[in-house]
Amino acid sequence: MLQSCLLCKARKPGWFCSLPPQALAELDAMSTQVVLPMSRILFAGGHAPRSVSVVCDGRVKLTRSSRNGKTLLVKIARPGDVLGLSAALSKTPYEVTAQAMEPTRIKTFQRKDFLHFIRRHAEGSLHAAESLSNEYRSALCGLCRLALSSSVAGRVAHLLLELAVENKTAQDAQPKIHMSLRHEDIASMLGSSRESITRVLNGFRRKGVISIEGTKMKILRKEALEALF
């Protein structure tokens, strides 16, 4: 069922779609709503950019693959994130492949229509700049996670504390995390193997650093994680 952005109750401040009503109505009118089944690829790295998309519901993993077949999970895109923006603006091929991790609803815009919109609307340009800034920050965090931690345990510790920030619990004495990433996904993010990630997480649990119940994780000793990187 097609959902109007103007009536959407999921919009939050800071999301690209949190535009003034007139601008949002115009943006909505040029959009196409698409529901991606799990594992469906939205666009592939190396292809020319034809569209820009905003995630409404669900999650999309952004990956980069090397010639020898190794894949790095760059980011998990969530509701409010803009996909394909940097490629559309720079007129260069998509840097990553975007694939739905679960049934995901997006609004997609033809590249030329989207660029025309942000040229005419200052609010749209500002939100586009904020989206690019978020991409930069995410890429920087990923680089630091890989480069500044010499051990797999250090990289996992860094990631868990990042997830606490995302879950807005980082300032709690014992931050809680909704851990929806599989061990394979974490391994792909950290340039490691699934077996190594499982071994590290089990070690953290045995030492009383974290507790895990289903997809819920609690960081019991933040200082122990911080000491690893």
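Biologist: Which residues does Leu160 touch, leaving aside those up to four places away in sequence?
Modeller: This is a predicted model, and Leu160 is among the residues with the most contacts inside the largest nonpolar core, which has 27 residues. Once residues up to four places away in sequence are not counted, the residues that Leu160 touches are Ile177, Met179, Leu201, Phe204, Ile210, Met217, Ile219 and Leu225.

Biologist: Which element gives the most to this core?
Modeller: The elements that give two or more residues to this core include strand E5 (71–77), helix H5 (152–166), helix H7 (194–206) and helix H8 (222–226). Apart from this core lies another, of 19 residues, with Phe16, Cys17, Val52 and Ala128 among them. In the core of 27 residues, the element that gives the most, with seven residues, is H5.

Biologist: What is the volume of the largest cavity, and which residues lie nearest its centre?
Modeller: A search of the whole structure finds one cavity of 30 Å³ or more, and its space comes to about 120 Å³. Strand E3 (51–57) and strand E8 (104–110) each supply at least two residues of its lining, which by class has nine nonpolar, two polar and three charged residues. Of the 14 lining residues, those nearest the centre are Cys5, Arg11, Cys17, Cys56 and Lys107.

Biologist: Which element gives the most to the lining of the largest pocket?
Modeller: The largest pocket has a volume of about 1,700 Å³, and its lining of 49 residues has Lys75, Ile76, Asp81, Ser138 and Glu166 nearest the centre. By class, this lining divides into 23 nonpolar, twelve polar and 14 charged residues. With twelve residues, the element that gives the most to the lining is H4.

Biologist: How many charged residues are in the lining of the second largest pocket?
Modeller: The second largest pocket holds about 170 Å³ of space, and its lining includes Arg59, Lys61, Glu102, Arg182 and Asp185. Alongside three nonpolar and three polar residues, the number of charged residues in this lining is five.

Definitions and conventions: Residues numbered from 1 in each chain as written. Predicted model: local features only at pLDDT ≥ 70, side-chain atom pairs only at ≥ 80, totals over all residues. Heavy atoms only, no water. 1 Å grid on protein atoms, 1.4 Å probe; cavity = no way out; pocket = protein on both sides within 12 Å on 5 of 7 lines; lining within 4 Å. Points joined across faces, edges and corners; volume = space filled by probe spheres on them. Helix = DSSP H or I, 4+ residues; strand = E, 2+ residues; numbered from the N terminus. Nonpolar A, V, L, I, M, F, W, Y, C, P; charged D, E, K, R; others polar. Core = buried A, V, L, I, M, F, W, Y, C linked by side-chain atoms within 4.5 Å. Buried < 20%, exposed > 50% of the residue type's maximum accessible area, 1.4 Å probe, protein only. Contact = heavy atoms within 4.5 Å.
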